Amino acid sequence: KGSVQIKSATIEVVRAGLEQKGNFECSNSFLNDLHYACKNSLLCNLHSYPSDTPVYEKLGYLADGYLTQEIAHYNYDAIKYYEKWAWDIIYQAKENGYIEQTAPMWDEDKENAPEWSVGILVVPYQIYKLTNDKTLLLACYEKAKKVFEYQMSLTDGYIANSMWGDHLSTNHKYIKHISATSTLYNMACNLIETARLQDKEEDAKAYSLYAKHIKEAFNTRFY
């Protein structure tokens, strides 16, 4: 029967075909190497959507994706790529404001995590801040409002909680509350700005009040 001997092999990098538009280089070799490693890690996770890991789950977890979105924009022509992913997120938001933690949706039934749910607004918001094109941000507005209202309905005295904590420090027993509540405060601030882009001053006032209450509760509870 014989045996097969591999005489040579070629490795092909498979990723989304984003054209490089920017770069970083300085006199510090460590920072240059760090940037190079970050770019390669990012590209390994960019296929039809930004994934959380190229090895294990390979899923489009919202927080994982929007936290690495800026490095993608600064290095690559990635606007259309993230616009497509933003629509994946928008389309899967439920009428009651619940949203899966991955997009495209994975068949999961998990508890709540505000840091991931806010991706419905954060991804379009970051595109707007980079391009000054508010089209996508305004398109997600009504569903983002429902997501925020759903999240607020789960708070306890304006303090939120999250099912996830593995990405956080372990030296504070309220660390998940701190992360989740600060995330909702940031979402309220983004909603204020988005409302004013549409001259919806009543909405802006409502979210300003939410932001005020969240901030006060946060400072009272944790400081």
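**Questions about a helical model**

Colleague: Why is Glu-193 called partly exposed?
Modeller: In this predicted model, Glu-193 has a relative accessible area of 26%. Buried would need under 20% and exposed over 50%, so Glu-193 falls in between and is partly exposed.

Colleague: What makes Lys-129 and Glu-193 a salt bridge?
Modeller: Their closest N and O atoms are 3.3 Å apart, and the cut-off is within 4 Å, so the pair passes. Lys-129 sits in helix H6 (residues 119–131) and Glu-193 in helix H9 (residues 175–197), so this bridge ties together parts that are 64 residues apart in sequence. Lys-129, at 49% relative accessibility, is partly exposed, because exposed starts only over 50%.

Colleague: How many salt bridges does that rule give?
Modeller: The count comes to 11.

Colleague: What makes Glu-95 and Lys-146 another of them?
Modeller: Here the closest N and O atoms are 2.8 Å apart, which again is within 4 Å. The two residues are 51 residues apart: Glu-95 is in the loop between helix H4 (79–92) and helix H5 (114–117), while Lys-146 is in helix H8 (residues 141–153).

Colleague: Are those two partners buried or exposed, or something in between?
Modeller: Glu-95 has 60% relative accessibility and counts as exposed, because that is over 50%. Lys-146, at 32%, counts as partly exposed.

Colleague: How do you know that Glu-216 and Lys-212 form a salt bridge, and where do they lie?
Modeller: The closest N and O atoms are 2.9 Å apart, and within 4 Å is what the rule asks for. Both residues lie in helix H10 (residues 201–222), 4 residues apart, about one turn of the helix. Glu-216 is partly exposed at 39%, and Lys-212 is partly exposed at 43%. Elsewhere, salt bridges that share partners join Glu-142, Lys-145, Lys-200 and Asp-203 into one network.

Colleague: Now the inside. Which residues have the most contacts inside the largest nonpolar core?
Modeller: That core has 53 residues, and the ones with the most contacts inside it are Leu-46, Tyr-82, Ile-89, Ile-120, Phe-148, Met-187 and Leu-191. Helix H1 (29–44), helix H2 (62–67), H4, H6, helix H7 (135–139), H8, H9 and H10 each supply at least two of its residues. Take Met-187: leaving aside neighbours within four places in sequence, Met-187 is in contact with Val-118, Ile-120, Leu-121, Ala-144, Val-147 and Phe-148. Another core, of 5 residues, lies apart from the largest one and includes Ile-178, Ala-217, Phe-218 and Phe-222.

Colleague: Why is the pair of Phe-218 and Phe-222 called edge-to-face?
Modeller: The structure holds 10 aromatic pairs. In this one the centres are 5.0 Å apart and the planes are at 65°. Phe-218 and Phe-222 are both buried, and both lie in helix H10, about one turn from each other.

Colleague: How do you know that the end-to-end distance of H1 agrees with a helix?
Modeller: H1 has 16 residues, which at 1.5 Å a residue should span 22 Å; the end C-alpha atoms are 23 Å apart, which agrees.

Colleague: Which residues of H1 are buried, and what puts them on the same side?
Modeller: The buried ones are His-35, Lys-39, Leu-42 and Leu-43. They cover an arc of only 95° around the axis, so they are on the same side of H1. Ser-29, Phe-30 and Asp-33 are exposed on the other side. Helix H3 (69–75) and H4 are included in what covers the buried residues.

Colleague: Why does Gln-126 count as buried?
Modeller: Gln-126 has 16% relative accessibility, and buried means under 20%, so Gln-126 counts as buried. Gln-126 is in helix H6 and touches Tyr-66, Gln-69 and Glu-70, not counting residues up to four places away in sequence.

Colleague: And the whole protein: how many helices and strands, and what share is buried?
Modeller: There are 10 helices and 0 strands. Of the 223 residues, 44% count as buried. Among contacts with a separation of 6 or more, 67% come from residues 24 or more positions apart.

How values were computed: Residues numbered from 1 in each chain as written. Predicted model: local features only at pLDDT ≥ 70, side-chain atom pairs only at ≥ 80, totals over all residues. Heavy atoms only, no water. Salt bridge = Lys/Arg side-chain N within 4 Å of Asp/Glu carboxyl O. Buried < 20%, exposed > 50% of the residue type's maximum accessible area, 1.4 Å probe, protein only. Core = buried A, V, L, I, M, F, W, Y, C linked by side-chain atoms within 4.5 Å. Contact = heavy atoms within 4.5 Å. Phe/Tyr/Trp six-rings, centres within 6.5 Å; stacked < 30°, edge-to-face > 60°. Expected span 1.5 Å × (residues − 1). Arc of directions from axis to C-beta.
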